[in-house]
Amino acid sequence: MLSYQHAYHAGNMADVHKHALLSVALDYMAQKPKPLCYLETHSGRGLYDLSGAEARKTGEAAQGIARVEGRFPPDHPYLRALQAARRQGGPNAYPGSPLIAQALLRKSDRIILAERHPQEVAALRASLPGAEIRDADGPQMALSLTPPDPRRGLLLIDPSYEVKTEWTAMPALLKQLHRKWPVGVLMLWYPILTSGAHKALTRALSDLSAESLHHRLHFPPAREGHGMTGSGMVVLNPPWGLAEAAAGLDSLLS
């Protein structure tokens, strides 16, 4: 469970999809004066170096953000988060979702992050000194803290899916969190794989309520033999405008 390191995959097309939607949601929510809480169950290190050996080894960032960044309109909140990361980490920096939250939220907002990998926890604490960072099981943390204080907020579930049980455990977690925190914006990301492993997750989510958005983005594999050919995002209580932003990504990133 602790073997996965996102540095090999940072900035790939799935990250672009996930982070563009997250940026739109957080940007809209931060426009209202009430404070909010951002929670994340699988946080990673927060700040990545796309010139590092890991990113260069897989080439996923080259087929992801490096290829499509120029297609985003200059006022897109995702680009604001990218620029904030580069101010912090240099021209080859890429923000994980914790840094995107930090870039788009306000000092009055609360950021609570869970991560289990010891090296990632240390890097996360170094890159986000103002966040509440917990070396803890993310799903259990989310269940223990919801509904959070403040009650208004967004939670991102973003596991690696290296553990096979996550394909059914994460939809169950999403539903349990929704029962505990019915007003929260809950986002669940998953990869679309040539193996079809993701179908167990989509079947488990087939009975979601009408107050949800399920967006899929399909793209070519980053390299020959790579098994990921798309990215899915399920959002309960999607903020206003998120469905339109998701639809716009289809033409922007295809």
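User: Which helix gives the largest share of the lining of the largest pocket?
Analyst: That is α1, with 4 residues of the lining. Keep in mind that this is a predicted model.

User: What volume does that largest pocket have?
Analyst: The largest pocket has a volume of about 910 Å³. Its lining is made up of 46 residues.

User: Which of them lie nearest the centre?
Analyst: Tyr-4, Asp-158, Pro-159, Ser-160 and Tyr-161.

User: Which elements supply at least two residues each?
Analyst: α1, α5 (97-104), α7, α8 and β7 (185-193) do.

User: And how does the lining divide into nonpolar, polar and charged?
Analyst: There are 17 nonpolar, 18 polar and 11 charged residues in the lining of the largest pocket.

User: Back to Tyr-161. Where does it lie?
Analyst: Tyr-161 is in the loop between β6 and α8 (166-180). Its phi is positive, about 65°, although Tyr-161 is not a glycine.

User: Is Tyr-161 buried or exposed?
Analyst: Tyr-161 counts as buried because its relative accessible area is 6%, and the cut-off for buried is under 20%.

User: Which other residue has a positive phi near 60°?
Analyst: Asn-237, which is also not a glycine. Asn-237 lies in the loop between β9 (228-236) and α10 (242-253). With a relative accessible area of 18%, Asn-237 is buried.

User: Which pocket has Asn-237 in its lining?
Analyst: The second largest pocket does. Other lining residues there include Tyr-28, Lys-32, Arg-151, Arg-152, Pro-238, Pro-239 and Trp-240. The volume of the second largest pocket is about 160 Å³. By class, its lining has 7 nonpolar, 2 polar and 3 charged residues.

User: Changing topic: which peptide bond has omega near -5°?
Analyst: The one from Thr-146 to Pro-147, and it is cis. Pro-147 sits in the loop between α7 (138-145) and β6 (153-157).

User: And which has omega near 5°?
Analyst: The bond from Asp-149 to Pro-150, which is cis as well. Pro-150 lies in the loop between α7 and β6. Most peptide bonds are trans.

User: Now the inside. How many residues are in the largest nonpolar core?
Analyst: The largest nonpolar core has 76 residues. Those with the most contacts inside it are Leu-26, Tyr-38, Phe-72, Leu-154, Met-187, Leu-188 and Leu-253.

User: Which helix gives the most to this core?
Analyst: Helix α1 (residues 13-30), with 11 residues.

User: What is Leu-253 in contact with?
Analyst: Leaving out neighbours within four places in sequence, Leu-253 is in contact with Met-13, Val-16, Val-68, Arg-71, Phe-72 and Leu-217.

User: Last one: where does His-6 lie?
Analyst: His-6 is in the segment before α1. His-6 is buried, with a relative accessible area of 15%.

User: What does the side chain of His-6 make a polar contact with?
Analyst: The side chain of Asp-15, at 2.8 Å.

User: And which residues does His-6 touch?
Analyst: Not counting residues up to four places away in sequence, His-6 touches Asp-15, Tyr-48 and Glu-120.

Key:
Residues numbered from 1 in each chain as written. Predicted model: local features only at pLDDT ≥ 70, side-chain atom pairs only at ≥ 80, totals over all residues. Heavy atoms only, no water. Core = buried A, V, L, I, M, F, W, Y, C linked by side-chain atoms within 4.5 Å. Buried < 20%, exposed > 50% of the residue type's maximum accessible area, 1.4 Å probe, protein only. Contact = heavy atoms within 4.5 Å. Polar contact = N/O pair within 3.5 Å; in protein donor to acceptor, adjacent residues only side chain to side chain. 1 Å grid on protein atoms, 1.4 Å probe; cavity = no way out; pocket = protein on both sides within 12 Å on 5 of 7 lines; lining within 4 Å. Points joined across faces, edges and corners; volume = space filled by probe spheres on them. Nonpolar A, V, L, I, M, F, W, Y, C, P; charged D, E, K, R; others polar.
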